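Subject: Structure handover

Hello,

Here is the structure I said I would pass on. My notes on it follow below.

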Amino acid sequence: MGAVVDAVNQDLNGSLAEKNPTVVFVLGGPGSGKGTQCANIVEHFGYTHLSAGDLLRAEIKSGSENGTMIQEMIREGKIVPSEVTIKLLQKAMQDSGNDKFLIDGFPRNEENRAAFEKVTKIEPAFVLFFDCPEEEMERRILSRNQGREDDNVETIRKRFNVFLESSLPVIKHYEARGKVKKIDAARPVAEVFETVKGIFAPKNEKVE
């Protein structure tokens, strides 16, 4: 059984890497405006937006064996293994038929990053880092839809600290390779997108 699964994974990895897809990692703390900007990039530049968290939630909802395992791990406060998230990302990339991807909220830490490159044989074109002060992110999260039970100050600060501790080493790794595009995300949405457009559009191409 293991050999069959390995063969399938090998095939998935090979065919994905052969397509030489453009992968952009999108990182930023909770409330930094990543989701809004990803939607804009999809609309203007034809990327497929993949959120690691959404894929995990969809897998849980599907009721599959994999989904049940993921749910148990989350319930016990364990971290879902990188390979599980990467397999979901690979499948979504393969199924999309596209060759340009925004991967949002992943890699969450150095281990995720190393595993993604090792398993997929794909290096990101660059990392889009939405840099936003903690006070601004806090203000945004508290003022948006109050429906989310995890949107209280204490939890927000915890999420922010986790982001800092886990994701900053990833950003530093890619910074050393000249692959980080840092964006001042504290500005209004339209202003931020103007900067984003400058990164994604070739200089001579006008974007509506």
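A salt bridge here is a side-chain nitrogen of Lys or Arg within 4 Å of a carboxyl oxygen of Asp or Glu. This is a predicted model, in which local features need pLDDT of at least 70 and side-chain atom pairs count only at pLDDT 80 or more, while totals for chains, interfaces and linings use all residues. Residues are numbered from 1 along each chain as its sequence is written, and side-chain values use heavy atoms, with hydrogens and water left out.

Salt bridges

By that rule there are 15 salt bridges. One of them joins Asp-131 and Lys-182, at 3.7 Å from N to O. Helices (H or I, at least four residues) and strands (E, at least two) are DSSP runs, numbered from the N terminus. Asp-131 is in strand E4 and Lys-182 in strand E5, so this bridge ties together parts that are 51 residues apart in sequence. For accessibility, buried means under 20% relative accessible area, exposed over 50%, and partly exposed in between (1.4 Å probe, protein chains only). Asp-131 counts as partly exposed, at 32%.

A second bridge pairs Lys-179 with Glu-123, and their closest N and O atoms are 3.0 Å apart. It links distant parts of the chain: Lys-179 is in the loop between H8 and strand E5 (180–184), and Glu-123 is in the loop between H6 and E4, 56 residues apart. Lys-179 is buried, with a relative accessible area of 18%, whereas Glu-123 is partly exposed at 34%.

Arg-157 and Glu-138 also meet in a salt bridge, at 2.9 Å from N to O. Arg-157 belongs to helix H8 and Glu-138 to helix H7 (residues 134–143), so the pair ties together parts 19 residues apart in sequence. Here Arg-157 is partly exposed at 40%, and Glu-138 is buried at 14%. Elsewhere, Glu-110, Arg-113 and Glu-117 are linked in a network of salt bridges.

Nonpolar cores

A nonpolar core is a set of buried Ala, Val, Leu, Ile, Met, Phe, Trp, Tyr and Cys residues joined through side-chain atoms within 4.5 Å. The largest one has 29 residues, and those touching the most other members are Val-23, Phe-25, Leu-89, Met-93, Ile-103, Phe-106 and Phe-116. Elements giving two or more residues to this core include strand E1 (22–28), helix H5 (82–96) and helix H6 (110–120). H5 supplies the largest share, six residues. Apart from this core lies another, of 20 residues, among them Tyr-47, Phe-126, Phe-160 and Ala-201.

Contact means heavy atoms within 4.5 Å. Leaving aside neighbours within four places in sequence, Val-23 has contacts that include Met-93, Phe-101, Ile-103 and Phe-116. Asn-112 sits in helix H6 and is buried, with a relative accessible area of 6%. Beyond residues up to four places away in sequence, Asn-112 touches Ser-82, Ile-86, Phe-106 and Pro-107.

Helix H4

Which residues of helix H4 (residues 65–75) are buried? They are Gly-67, Ile-70 and Met-73. The buried residues of H4 pack against H3 and H5. Exposed Glu-65 and Arg-75 are on the face of H4 turned away from its buried side. After H4 comes Gly-77, with a positive phi near 75°.

Regards
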